[in-house]
Amino acid sequence: MPDKPNLEVCLSPALLHLFDTKDTVTVIIDVFRATSTIAAALDNGARRIVPVASVEECIAIGKVTPNSITAGERDGKVAPGLEYGNSPSEYPRTFIEGKDLILTTTNGTRLLHMVKDAHTIVTGSFPNLSAIVEFLRKEQRRVLLACASWKDRFNLEDALFAGAVAAQLKDEFTINCDSAMACISLNADSRGDYFEYLKRGAHYKRLSGFGLESDMVYCTTADVHPVVPMLKGGDLVVHR
Ligand SMILES: O=C(O)[C@H](CS(=O)(=O)O)OP(=O)(O)O
């Protein structure tokens with residue numbers, strides 16, 4: 001019987017250099033809120049998402065891209081010069097269908113640009129949890145679950161999502177990685193009530209200070225946007 005592929009979890013972009021991303025399927029995870037917003041916008045019909053590192057680049061690309069909107073935040077608030085923010089509820093089908101979303105965020109889009117040599121890069125969040133699990137199951141390739149964390153510091157929500165994925169795949173993959181095991185334990189501790197569990201987290205407290213509790217309810221609701229956002233030629237598009 002062939003060996004089961006490895007599954008590992010990287011808990012912060014600051015630790016990424018310790019992992020071999022070559023030929024992996026790397027799942028970028030930024031539950032609050034970038035990868036949840038990406039799942040929402042693509043499932044609601046965005047043509048593509050262009051993830052960019054800086055606000056300046058976002059504005060410049062927006063200017064030359066027809067039917068596009070510029071969006072993103074810095075430190076949780078809409079960045080000056082951009083039209084929209086990083087909230088999944090800002091992108092219903094009635095608004096985003098057929099448009100290009102040029103997006104820059106503090107943590108999520110930064111990590112997307114850091115992974116260079118993966119075989120495939122996709123983005124994961126609770127709204128597309130089962131779609132990601134099914135995709136990884138079918139791919140049968142080495143997996144890195146990469147947490148965007150918060151400014152390089154460990155965060156509970158990305159680790160919990162990594163645990164929710166790893167727990168479902170643990171019999172089909174080899175897990176010889178303590179961070180993956182720790183994430184699986186977090187997932188068991190949560191008993192599937194992701195929102196309640198994450199209320200204790202620093203990121204929840206910071207974003208609720210901006211009145212963003214409803215966003216966090218959205219971002220912890222499983223399987224409402226069953227898409228696999230995949231990086232192709234620098235854009236995120238729905239994998240079909
Ligand atoms: O908008 C968000 O949810 C965060 C903002 S902050 O870094 O927590 O202030 O950005 P993201 O890149 O989506 O983590």
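**Entry: two helices crossing**

I began with helix α6 (residues 156–169) and helix α7 (residues 178–190) in this predicted model, and I noted that their axes come within 7 Å and cross at roughly 95°. Because angles of 65 to 115 degrees count as roughly perpendicular, I wrote down that α6 is roughly perpendicular to α7. I then looked up which residues make the contact: on α6 they are Ala-159, Leu-160, Ala-162, Gly-163, Ala-164, Ala-166 and Ala-167, while on α7 they are Ala-180, Cys-183, Ile-184, Leu-186, Asn-187 and Ser-190. Sorting the residues of this contact by kind, I found ten nonpolar and three polar, with no charged residue.

**Entry: the whole chain**

Stepping back to the protein chain, I recorded ten helices and ten strands as its secondary structure. Its radius of gyration is 17 Å, close to the 18 Å that the globule rule gives for 240 residues, so I noted the chain as being as compact as a globular protein of that length. The C-alpha trace spans about 55 × 35 × 30 Å along its principal axes, and 50% of the 240 residues count as buried. I also looked at contacts between residues at least 6 apart in sequence, and 79% of these join residues at least 24 apart.

**Entry: around the ligand**

Which residues come nearest to the ligand? Of the 17 residues around it, I listed Ala-34, Gly-76, Thr-105, Thr-106 and Asn-107 as the nearest. Helix α9 (residues 202–208) gives the largest share of this shell, with three residues. By kind, I counted the shell as five nonpolar, seven polar and five charged residues.

**Entry: backbone details in the loops**

I looked next at the peptide bond that joins Phe-32 and Arg-33, which is cis, with omega about 0°. Arg-33 has its place in the loop between β2 (25–29) and α1 (34–43).

Ser-149, in the loop between β8 (143–147) and α6, has a positive phi of about 55° although it is not a glycine. Asp-223, in the loop between α10 (213–219) and β9 (229–232), also has a positive phi without being a glycine, here near 65°.

Conventions. Residues numbered from 1 in each chain as written. Predicted model: local features only at pLDDT ≥ 70, side-chain atom pairs only at ≥ 80, totals over all residues. Axes fitted to C-alpha atoms, helices over the stretch in contact; angles between N-to-C directions. Helix = DSSP H or I, 4+ residues; strand = E, 2+ residues; numbered from the N terminus. Parallel < 35°, antiparallel > 145°, perpendicular 65-115°, else oblique. Contact = placed C-beta atoms within 7 Å. Nonpolar A, V, L, I, M, F, W, Y, C, P; charged D, E, K, R; others polar. Rg over C-alpha atoms; globule rule 2.2 N^0.38 Å. Buried ≥ 20, exposed ≤ 12 C-beta atoms within 10 Å, placed from the backbone. Near = placed C-beta within 6 Å.
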